[in-house]
Amino acid sequence: MKYDSITEIIGDTPLLKIDKEVTGLENIDVYVKLEYHSPFGSIKDRVAWELIREDIDTIKENNQTLLESSSGNTAKAIQGIAGANGLDFKTITNRIKVEEVKDILITMGAEIEELPGKSECPDPNDPDDPLTHLDRLMAREGDKYFRTGQYTNEKNTKVHREQTGQEILDDLGKVDYLFGGLGTTGSTKGVAQKLKEENPNLEVTGIVSSQDDFIPGIRTANEMWEVGLYEKELYSDRAVVDSKDALEGMLTLIRNCGILAGPTTGANYIALKRKLSEIDQELEEQKTAVFFACDRFEHYRSYIKKRKPEIFGGDEREGTETLTEEELEQVPEISVEEAEEWIEEENPVIVDSRSNPAYQMAHIPDSINIPEEKLKELVETGKPFSQNQKILLVCPGGRKSRKFAALLQRDNFEAYSLKEGVTGWRNQEKSLESN
Amino acid sequence: MLKLTPKTNEVVDKLVQDEETLKELADGFGSPLNIMLPENFSKNIQAFRDVFDEHGIEGKIFFAHKANKSESLIAQGRKENIGIDVASENELRNALSKGLKGEEILATGPKNREFLRLAVHHGCTLHIDSFEELKKVEKYSEKFETETDVLIRLNNFVPRDRKAIQKHSRFGIPTEKKEEIVQKLDEYDLVNFQGFAFHLDTANMRKKAIALQNIFDLVKDFHSEGYQTQILDIGGGMKVNYLESGEEWSEYLEAIQESVAGKREGITWNSHSFGLRSENQSVKGSVDLYSYYNETAKDDYLCKLLSREIPGYERTFRDLLRDYMIELYIEPGRALLDLAGITVGKVNFVKEDACGEKLVGLDMNKSNINPQNWELMVDPYIIHRDEEREELEDGVFFIGNLCLESDFIHKHKTFLDKKPEEGDLVVFVNTAAYHMDFGESRTIQHDPADKIAVYGDNNWKKDELYTGMEMEQ
C-alpha cells in the first residue's frame, strides 16, 4: 500500500476476535479494536489529527505552536503530526508519570512543561489544574498558539462516532456491550453514540482507575468531572479497576493472544471479563462485546516493573539472597577501633562500595571505589581479586559489606567487613580523604 | 447515603465506646472539650523510628509544635526522646520550659529578632530563611560568644531534563543562589553549616525526588567549597489517612463535583463549592479540601520516599543518605498526631431551615475545629443521651455557636442514623493535627476549649499536668 502522508495511515484499524478459550465466555463473542495499529501507536492518533486537520493550513501560515494538555498518547500523536508538518508542539501537564513516555516525547521533539504538585494546604484560589494554566497562556499569548483542546472539543467525540464507531458497525453490525477506559471520554462516547444507532440497548461500561491508584490514560472517578465531554448518563455502569488487575489483564492478552497492548487495554479487558462472566450463563442468545486496545505495552516497562516485579524475577538480584545465616556469621568483621592497626599490619585491598561521588567526597585513606552494582557483577561473574591478598570491604554501615564479604568467602577469598562501615569510621573521627 | 467513616485504632475505640466516661468529661469540662491521646503519639513516633532502622539510616524526629499546642504531647515527646520544631518565640519558650535542650530544638519558620536571639542563645539549630536572617544569626552568635548550627532552607527546585512551571514559595533561599550562600558562609565565622532543609507544599513524590536531586547536586558543590553536609531536613508533609474507605471518600467528592456541575442538590450548604467552579458542564479548579483518604501515609510514605530512586543518581534516597553519611531530619506535624486527639462538642439545639434542611447547633464554633475553613471531612460519632431518638432519612449540617452566617462546623452534609437532640455529644475523632487549636479564637468571648489527656484504662488528667510517666507507675 502506498501513502503520500503519514496522516493517511491513521484509522481503519483491525478488529480481532478473542478466542473463547481465553475469555471463557460461551455466549458472548468478544472483539478487540486494535487501535495501536496506527502510525503513532494509539487510539489518540485519530483525535489528534481530527483536532488539527481542518486548520492545518492556517496554523502553518501563522506559524503557530500546537498546545495541549496531554500525559502521553495525544501528545505523541500531535508531536508526530507537528513534526511531519514542520510545526512545534508544547504540552502542559501534571500527569506524565511513566518515564519512558516522557523519554519518547522528548526524543520526538516535544516541549513539555510540568505543573506543580497538589498543595498540601488547600487554597481555594490556587488554579492548580492544567486546563487553567492553558487558559491563562492562551489569554496572554493566544495568537502564538493553536490549542487543540481534547478535553472539550466535540471533534474528539465526532471522530470516534464517524470513524471508529462506523468501522465497528460495518464489521459487526449489532453490538451489545462496549467497554472503554475513561480518559477524555471521547472514544467511548463517540463509539457508543454510533453503536446505539443500530442497537439502542447497547450497554456501555466506562472504566475508571481506583482512587489513589494510577493507570495511564484512565482517570479516577473524582477526576471525571474535570472533563468537559463527560456525560454520566451515557454509561450503564462504571467499573473501578486497580493497576494490579489491569496488569493481569494485560498479561493475559500479551501471553495468550499475541496482543501486545498496554495497561489501559488490560483494564478494559478485566472489566469486560468481570461483568460478562457473571451474565454469560444466563444468556439465551449469542451476544457481541467490543473493547479497545488503546496502545502498546512497550513504553510502560518501568510501570510494569514497579507494579509487578515478580515477573522479572524479583526486585533485587544480588546473589546475596542465597547466603545462609551461618555464612553471614562466619564473616570476620574488623571494628573501626582496631581497623587502622589491622590495615597497617595486613595491608589489605580496601574496597569502598558506595557510589562514586560519595566516595570522592570522603573515603578511608588508600581505599579504592567499586560501586555496589559493579561489585555485584564482579563477585557474581568472576574472580575480581587475587587469592592471596586480604580484602576489607567497606559500605555505609557494615550491612552490605558483610554480605559481599560472605559471597567472596564462599569463593575462598580472604574477605573482611568493616563492622560499623564508613559512617562508624567518620563518627570515631578517623581520618578521611577526599579527591 | 454518603458516609465518611473514620479510621480509628484500639486506643480511640476504647474511649469512644466508653460513653459514660465521655459524658462525664463533657459535662465536667463543658463544650467543646479536646482530649489528647499521648499513647497514639508514641505509636506514631515508634513507627517512624522503625523506618529509620529498617532502612539502616540515621534519623531524628522533630515534632512540629505548631500543629497542636498540647502540653501533654510535648511531655510525651520528651519521654520518647524526640526533638521539637518550633516556629515562634513562644513555642520555643514552651519547649524550653518543658525541659528540652537547645540541641533538641529546631527553630524554623519566619522569625522576629526576639525569636532569633533566644534560639541562638540556647544553641538551637536554625533553619535559615534568607540572607538577612543569616546575618542576624552571625551577629547574635557574636554577642553571645557562641557558634550556631544552621540548615539552609532551599526553594525553587528545577528538574534537569524538562521545563516545569514553578509554584513559588515564600520560604527559603532559591537553589540558584548557591554561590552567594557559600560566599556568606565564608564571610561569617560563627555560623556552622550543617546541611540543607526543605519543605514542599505537596506530598507529590516526584516533586520531592526532584528537590532531592537538586540538593544532592548542592551537596557535591558545597563539598568542593569545603562545606560538608551532615544533615538533610526534609520537613513534614507525609500525609495521614483519616478514613476507613477510599470508595466512600471518592463517592463524596464526586457528589460535591456533581453538585457543582448542577446535576445534584442538597449536598453542601447553599451549594458551597469548596473552591470548584463550573464551566461548560465541566468542573474546574482544585478542591480546597485536604485529601482525607490516603493509601500511603505516615511511616509508609517515608518508607516509599526512602526507596525512591533519585533522578540522575540511579540510587535510592536511602542509599544516597547512607553513601554520603548524611543524617535525616524529619518534622512531621500531622503524621505524628494521627489519632492523638479527639474533640467532643455538645448539641445545643436542632432546627430546620426554610427548605426543611436539618441544622444541628453545637456548643462550639468553626474556629475550634476548622482552621482557615479547612473542613474536616470525617463523620463524627454521636453519643445520644437517650436511645429513643427519631430515625433520620436525609443528612444534617453541623453549625456553630457564633452569630455569623458562615459559622459552620460542616458545610457538607453528614448522614446520621438517628436525630441528635440537645445534650447529645458529637465526637470528632482525629482532630489533633491542625483541627483543634491551630486557628482557635475567643470571638464573642467564647472560652478556648479545655484540654485533657486520656491514658491507660481511660484515666485522665488536665493536659498540662500529664508528665508522660503515668504509665510507668
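Which residues are buried in helix H5 (residues 99-108) of chain A? In this predicted model, the buried residues of that helix are Glu100(A), Val101(A), Lys102(A) and Leu105(A).

**View 1. Surroundings of helix H5 of chain A.** The buried residues of H5(A) are covered by elements of chain A that include helix H4 (73-84), strand S5 (111-114) and helix H11 (301-307). After the helix comes Gly109(A), a residue with a positive phi, near 105°.

**View 2. Helix H5 of chain B and what its buried residues pack against.** In chain B, helix H5 spans residues 89-97, and its buried residues are Glu89(B), Glu91(B), Leu92(B), Asn94(B), Ala95(B) and Leu96(B).

**View 3. The packing of helices H5 and H6 of chain B.** Two packed helices are described by the angle between their axes and the distance between the axes. For H5(B) and H6(B), the axes come within 9 Å and cross at roughly 30°, and the two helices are therefore roughly parallel to each other. On the side of H5(B), the residues that take part are Glu89(B), Leu92(B), Arg93(B) and Leu96(B), and they meet Glu114(B), Phe115(B), Leu118(B) and Ala119(B) in H6(B).

**View 4. Gln76(B), a buried residue of helix H4.** Gln76(B) belongs to helix H4 of chain B. With a relative accessible area of 5%, Gln76(B) counts as buried, because buried means under 20% relative accessible area. Leaving aside residues up to four places away in sequence, Gln76(B) touches Pro38(B), Phe41(B), Ser42(B), Tyr466(B) and Gly468(B).

View 5. Over all chains, a search of the whole structure finds 29 aromatic pairs. In chain B, ring pairs join Phe193(B), Phe196(B), Phe222(B) and Tyr227(B) into a cluster. Lys239(B) lies over the face of Tyr290(B), at 5.0 Å from the ring centre. In chain A, Arg296(A) lies over the face of Tyr36(A), at 5.5 Å from the ring centre.

View 6. Most residues other than glycine have a negative phi, and most peptide bonds are trans. The peptide bond that leads from Ser31(B) to Pro32(B) is cis, with omega near -5°, and Pro32(B) lies in the loop between helix H2 (19-29) and strand S1 (33-36) of chain B. Asn156(B), a residue other than glycine, has a positive phi, near 60°; the loop in which Asn156(B) is found runs between strand S6 (148-155) and strand S7 (163-164) of chain B. Glu314(B) also has a positive phi, near 55°, and is found in the loop between strand S13 (309-310) and strand S14 (315-316) of chain B. Is Glu314(B) buried or exposed? The relative accessible area of Glu314(B) is 56%, and Glu314(B) is therefore classed as exposed, since the class applies to values over 50%.

Notes: Residues numbered from 1 in each chain as written. Chains lettered and ligands numbered in written order. Predicted model: local features only at pLDDT ≥ 70, side-chain atom pairs only at ≥ 80, totals over all residues. Heavy atoms only, no water. Buried < 20%, exposed > 50% of the residue type's maximum accessible area, 1.4 Å probe, protein only. Helix = DSSP H or I, 4+ residues; strand = E, 2+ residues; numbered from the N terminus. Contact = heavy atoms within 4.5 Å. Axes fitted to C-alpha atoms, helices over the stretch in contact; angles between N-to-C directions. Parallel < 35°, antiparallel > 145°, perpendicular 65-115°, else oblique. Phe/Tyr/Trp six-rings, centres within 6.5 Å; stacked < 30°, edge-to-face > 60°. Lys NZ or Arg CZ within 6 Å of the ring centre and 35° of its normal.
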